Amino acid sequence: MSVVAASVFLLFALIFLGFYIGKRKIVRQDAAPDLSNLVLKVTMPVTVFCSIVEQQGQEGVGSAWQIVFGVLILHIVSFLASLILVRLLRIPPKEQGPWLFSLIFSNNGFMGLPLSLAVFGTRGLFLMALGNVFSNLLLFSLGVKILTRYYETDEKISFRDMFVNNINIAVLLGFLFLLLKIPLPDIADRLLTYLSNITSGLSMLVVGISLSRLPFRAVFRDRKMFLLPLFRLIVFPMAVIGILHVLPLQMNPEIRSILILVSCLPAASAQSMITEQYHTNTAGAARAVFITTLFSVVTVPVIMAAAGV
């Protein structure tokens, strides 16, 4: 599990670097929304496209329905549980967005893809990429709605805009290239790879820059927020392990491991980019990503070891 711990630590270190860059004014703190747009509208769609196209020639496509069905159930259960939890904890309406988003969506893109490759090899990367397709569809539709609820946004969000966006277009194009086995020219492949490699590091830096606009003590001021990693990183994944153990299903062991990994990852960092773009609760989103990523350095390796992965 040293590979898991090292990968989680590196991403968290990038958040600290972004915080330092913002505090030292190396990059203007006001640049965070522009950098967020760069990630959401350019580099992240390229990353999604590449993660699908790169699966050409991989075996195990027949098992795809298991990972897609598993991710669907995982999101439905997380959504219902998170609605109950924010009511029980009496989270104020304008603070609910980061809570709900963090409990429903884990960082299975920026963190899950490299971890799956490191721990399970290319087969694991393929399965995680398939699961991410459905996650992305929900994240940039339901997730955007969650983070902008109770806020007056400059950009009016229509039903069409929630589904017709660069991320989902990248998903469709990726599957088109995958199913039709369309090869990418070498120069195009190299260009897309360069852009794709930017996404993970830049997204973590944006989280740090967003945090740098807060006084350092304000990052830890919301004490109730410390309950978030308890549920996101411990309660939810342990519940998933228990459910997978008792269900009378013949599930591929690798898919079972991927679902457990998805459940125990920290909150999706995309929420920082989304809140920056729509000018909603950027502070709460940055706190949620920071705190869950901080504790995940310890919890992710422990949970995966407890699951026997």
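Here is a short chat about how the labels on this predicted model are reached.

Colleague: What should I keep in mind about the model and its numbering?

Modeller: It is predicted, so local features need pLDDT of at least 70 and side-chain atom pairs count only at pLDDT 80 or more, while totals for chains, interfaces and linings use all residues. Residues are numbered from 1 along each chain as its sequence is written, and side-chain values use heavy atoms, leaving out hydrogens and water.

Colleague: Why is C50 called buried?

Modeller: Buried means under 20% relative accessible area, exposed over 50%, and partly exposed in between (1.4 Å probe, protein chains only). C50 has 5%, so the residue counts as buried.

Colleague: And what makes C264 buried?

Modeller: Its relative accessible area is 0%, which is under 20%, so C264 is buried too. Across the protein chain, 53% of the 309 residues count as buried.

Colleague: How many helices and strands does the protein chain have?

Modeller: There are 14 helices and zero strands. Both are DSSP runs numbered from the N terminus: helices are H or I with at least four residues, strands E with at least two.

Colleague: Which residues does I274 contact, leaving aside neighbours within four places in sequence?

Modeller: L40, F101, L139, F140, V144 and L147. Contact means heavy atoms within 4.5 Å. Among contacts between residues at least 6 apart in sequence, 86% join residues at least 24 apart.
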